[in-house]
Amino acid sequence: MKSERSVGIDCLRAISIIWVLLYHFVPGQAFSRGTFGVLLFFIISGYCIAFSAETSQSAWHFYAKRLGRLLPALIVCGLLTTLFKNLMPELVEAGRGVSWFDYAYTLIALPTLNVLHVDYHLPDGAYWSLQIEFQFYLFCFMMMGLGLKQRLLALLCVVTIFRTLTTSTDYATSNDFFPFFIAGMSVAALVRGRSREAIMGIVVAFSLELYHLNFNVKQPSMAIEMYRSLLLWSGTAAAYLAARYDHILLRSLRALAVPLAFIGVISYPLYLLHQDIGTMILQWAQIGLVSKPALLIRAVVLPGFLIGIAWLVYALVERPTIKPLTAFLTHPLAWLRQWQPAAVKSSAAANAGDVMPQDLPIR
């Protein structure tokens with residue numbers, strides 16, 4: 001069985017984040033479809049979540065793994081973004097200001113889909129995709145809670161079809177993103193050898209995308225067009241090839257695969273940090289749009305700097321805390337008992353072993 005972490009999938013993550021970075025920082029028609037990088041992320045997410053659900057002991061264990069994976073970098077990167085925006089408000093674009101309340105509530109609103117219905121602003125504009133991701137996670141969580149883990153892909157197909165057919169095409173929703181999750185889960189099924197289930201999922205994903213295209217479904221980030229459908233088709237094929245033949249990629253293109261895989265590993269904190277902080281840096285340095293030095297800074301220097309910051313977040317925060325936080329969220333009491341001071345443990349053991357005469361049962 002393929003693991004959730006593979007070189008090929010990490011290379012796809014790198015392509016996704018580089019695509020998004022170039023869209024936000026480099027002007028020009030060639031990089032005008034930055035949302036496509038996020039859509040490729042959704043395909044990868046569907047693939048990885050299929051394995052995460054399969055290896056989870058319970059519905060809560062699955063969601064605890066998601067929280068453990070996403071919260072550490074989110075807490076730190078959101079903190080940095082909010083700090084910079086409040087320290088240098090003159091560099092913040094109009095309408096992108098954020099308060100400390102917004103930052104704190106984001107950590108509650110995203111995992112709960114804003115169950116309290118509080119008005120708030122996301123610390124960074126790029127965080128919109130996390131709202132879609134958490135919708136997907138919570139759907140899997142609920143289905144697993146109902147004991148339907150083995151039918152996640154089929155249920156996701158049914159629910160997405162129902163939502164799509166019962167929602168007005170003039171009303172922007174998250175429905176049109178879910179074919180990409182379905183495609184990713186279908187790739188995972190194909191890799192596991194469940195061909196019939198995989199083909200069913202891929203047919204549903206492609207059909208839903210063609211429905212969105214044919215009926216001109218509204219999409220607030222970018223208009224749904226044929227290029228988006230091509231991205232779904234090619235992204236699904238790329239995910240399968242990356243997952244199935246990653247060993248060939250590493251062996252034959254090691255010089256390219258290794259740096260790409262590195263960027264893929266740190267892609268999550270890089271995604272969280274890049275948009276608003278990057279724009280503020282460009283504003284502070286007064287970097288233009290068209291000169292060759294400006295384009296070099298936008299395409300290479302700034303992304304390189306942000307990659308360095310993202311690596312620090314990954315190395316110092318994300319990697320060391322994912323497993324402990326997941327363990328704590330899964331079994332809080334067991335985790336706390338594990339970290340009891342040695343003196344307390346030895347005292348408890350001594351007390352358990354020392355039985356006084358008055359403690360013996362009366363016969």
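Predicted model: local features only at pLDDT ≥ 70, side-chain atom pairs only at ≥ 80, totals over all residues.

Mentor: The protein has 15 helices and zero strands, and its C-alpha atoms fill a box of roughly 90 × 55 × 50 Å along the principal axes.

Trainee: Why does Thr164 count as buried?

Mentor: Its relative accessibility is 5%. Buried means under 20%, so Thr164 counts as buried. Of the 363 residues in the protein, buried ones make up 46%.

Trainee: Where does Thr164 lie, and what does its side chain reach?

Mentor: Thr164 is part of helix H6, residues 152–165. Its side chain reaches the backbone oxygen of Thr160 at 2.7 Å. The limit for a polar contact is 3.5 Å, so the distance of 2.7 Å falls within it.

Trainee: Which residues is Thr164 in contact with, leaving aside neighbours within four places in sequence?

Mentor: Those residues are Asn175, Leu208, Tyr211 and His212.

Trainee: What makes Asn114 and Asn216 stand out in their backbone angles?

Mentor: Asn114 is not a glycine, yet has a positive phi of about 55°. Asn216, also not a glycine, has a positive phi of about 55°. Asn114 sits in the loop between helix H4 (100–112) and helix H5 (128–145), and Asn216 in the loop between helix H8 (195–214) and helix H9 (226–244).

Trainee: Why is Asn114 called buried and Asn216 exposed?

Mentor: Asn114 has a relative accessible area of 17%, and the buried class is under 20%, so Asn114 is buried. Asn216 has 61%, and exposed means over 50%, so Asn216 is exposed.

Trainee: What is known of the second largest pocket and its lining?

Mentor: About 350 Å³ of space lies in that pocket. Its lining has 21 residues, with Arg96, Gly125, Ala126, Trp128 and Gln275 nearest the centre. Helix H1 (7–25), helix H2 (35–54) and helix H12 (267–285) are the elements that each give two or more residues to the lining.

Trainee: How many of the lining residues fall in each class?

Mentor: Eight are nonpolar, nine polar and four charged.

Trainee: Which residues have the most contacts inside the largest nonpolar core?

Mentor: They are Tyr47 and Phe136, in a core of 94 residues. H2 gives the most to this core, with 14 residues.

Key:
Residues numbered from 1 in each chain as written. Heavy atoms only, no water. Helix = DSSP H or I, 4+ residues; strand = E, 2+ residues; numbered from the N terminus. Buried < 20%, exposed > 50% of the residue type's maximum accessible area, 1.4 Å probe, protein only. Polar contact = N/O pair within 3.5 Å; in protein donor to acceptor, adjacent residues only side chain to side chain. Contact = heavy atoms within 4.5 Å. 1 Å grid on protein atoms, 1.4 Å probe; cavity = no way out; pocket = protein on both sides within 12 Å on 5 of 7 lines; lining within 4 Å. Points joined across faces, edges and corners; volume = space filled by probe spheres on them. Nonpolar A, V, L, I, M, F, W, Y, C, P; charged D, E, K, R; others polar. Core = buried A, V, L, I, M, F, W, Y, C linked by side-chain atoms within 4.5 Å.
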